[in-house]
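Here is a short report on pockets, a cavity and a few selected residues. Keep the structure open while reading.

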Amino acid sequence: MATFVLVPGFWLGGWAWREVTAKLRERGHEVFPVTLTGLAERAHLAGPEVGLETHTTDITALIETEELHDVVLVGHSGGGMPVTQAADRLPDRIAKVVYVDSGPLPDGAAQFDIHPPEEQERLRAVIGDGHLLPPPSWDPADDAVGLAGLDDTALALLRRRSTPEPLRAATDPVRRTGGPGSGPRPAAGGTPAVPGGTLAVPGETPVVPAALVACTFPLDVVTAMMAQGHPFFAELAGADLHALPTGHWPMLSEPAALAGLLDEIAAGVRP
């Protein structure tokens, strides 16, 4: 039996993991789906001060309060950033970090920075002076690749239950403390890959193994992006790579397959 902490991507709450959670529990695992501050049933807490550090604390506080150890920490999409910071803060509690269509951004990088300038400009126009990032339209005509595999019921669920994301979750840079389990700092000329697919400080023993479940990118594209030093994937060189061809929201489009992969990944880290 493994202990999973499941962190959703932007605009979602723990509700998005419902089917995956049920299937993992059927296999005997302990599962904690997380709703980050300011989202879903916690949307009333979405003040302008809520940011990436808040979401990291949501995760570390859960792990510490529930006295969890050997955690398989799963981050989907934008949830990969607080998951990366949480693994940095509590490396001795984490057995493996699993990125679902996501990856560990390097120290000092923010999710918002990954967008091309024209997309940043568009988003800022939408946000205006506010502190919330509105959900997308959830219209396949606007995002056929990302929404692939979602039926009308799943799309209706997203339209009904998604909530605006605290803006600072996207604009705050990832900050790693430099303690054991922290990732490498960016170097001139790009972000160095980490041998063995672990999150670690250069010169120290890597202590937090990592895995990737790639959904919208084929694995050959992912490995090419790793070689090019893409900020999402550079640190995952040598990590356990798993393909789940579907859209960007696999917990809704392929929950059984995703649960099966997570079970397989957990089996590799059990004593």
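## His76 and its surroundings

A polar atom of the His76 side chain lies 2.6 Å from the backbone oxygen of His248. The model is a predicted one. His76 belongs to strand S3, which covers residues 71-76. Its relative accessible area is 0%, so His76 is buried.

## The largest pocket

The volume of the largest pocket is about 1100 Å³. Its lining is made of 38 residues. Which of them lie nearest the centre? They are Trp11, Gln111, His115, Asp143 and His248. His248 is also the residue whose backbone oxygen lies 2.6 Å from the side chain of His76.

Helix H4 (111-114) and helix H5 (117-127) each supply at least two lining residues. H5 gives the most, with four residues. By residue class, the lining has 22 nonpolar, 10 polar and six charged members.

## The second largest pocket

The second largest pocket holds about 200 Å³ of space. Its lining includes Trp15, Ala16, Arg18 and Glu19. Gly149, Asp151, Thr153, Ala154, Leu157 and Arg161 line it too. Met251 and Leu252 are also in the lining.

Three helices each supply at least two residues here: H1 (18-26), H6 (152-161) and H9 (250-253). Which helix gives the most to this lining? H6 does, with four residues. The lining divides into six nonpolar, two polar and four charged residues.

Ala154 is one of the lining residues and sits in H6. Its relative accessible area is 9%, so Ala154 counts as buried; the cut-off for buried is under 20%. Ala154 and Trp249 are 95 residues apart in sequence. Their C-alpha atoms are 9.8 Å apart in space.

## The cavity

Rolling a probe the size of a water molecule over the atoms shows where empty space is left. How many cavities of 30 Å³ or more does the structure hold? It holds one. The largest cavity has about 60 Å³ of space.

The largest cavity is lined by 14 residues. Phe10, Leu36, His55, Gly78 and Glu165 lie nearest its centre. H2 and helix H3 (80-89) each supply at least two lining residues. The lining has nine nonpolar residues, four polar and one charged.

## Thr56 in H2

Thr56 is placed in helix H2, residues 52-65. Is Thr56 buried or exposed? Its relative accessibility is 1%, so Thr56 is buried.

The Thr56 side chain has two polar partners to look at. One is the backbone oxygen of Leu52, reached at 2.9 Å. The other is the side chain of Gln85, joined by a polar contact of 2.7 Å. With residues up to four places away in sequence left out, Thr56 touches Pro82, Gln85, Ala86 and Arg89.

Strand S1 spans residues 3-7 and is mostly covered, with five of its five residues buried. In a regular strand the side chains alternate between the two faces of the sheet. In S1, Thr3, Val5 and Val7 point one way, while Phe4 and Leu6 point the other way. All of these residues are buried.

S1 runs parallel to strand S2, residues 30-33. Four bridges join the two strands. Within S2, Glu30 is the bridge partner of Thr3.

## Pro91 in a loop

Pro91 lies in the loop between H3 and strand S4 (94-100). Why does Pro91 count as buried? Its relative accessibility is 14%, and the cut-off for buried is under 20%.

Pro91 and Pro209 are 118 residues apart along the chain. A distance of 9.9 Å separates their C-alpha atoms.

Technical notes
Residues are numbered from 1 along each chain as its sequence is written. This is a predicted model: local features need pLDDT of at least 70, side-chain atom pairs count only at pLDDT 80 or more; totals for chains, interfaces and linings use all residues. Side-chain values use heavy atoms; hydrogens and water are left out. Buried means under 20% relative accessible area, exposed over 50%, partly exposed in between (1.4 Å probe, protein chains only). A polar contact is a pair of N or O atoms within 3.5 Å; within protein, one must be able to donate a hydrogen and the other to accept it, and residues adjacent in sequence count only if both atoms are side-chain atoms. Contact means heavy atoms within 4.5 Å. On a 1 Å grid over the protein atoms alone, a cavity is a set of points where a 1.4 Å probe fits but cannot get out, and a pocket is an open set with protein on both sides within 12 Å along at least five of seven lines; lining residues have an atom within 4 Å of a point. Grid points are joined across faces, edges and corners, and a volume is the space filled by probe spheres set on the points. Ala, Val, Leu, Ile, Met, Phe, Trp, Tyr, Cys and Pro count as nonpolar, Asp, Glu, Lys and Arg as charged, and the others, Gly among them, as polar. Two strands pair if DSSP finds at least two bridges between them.
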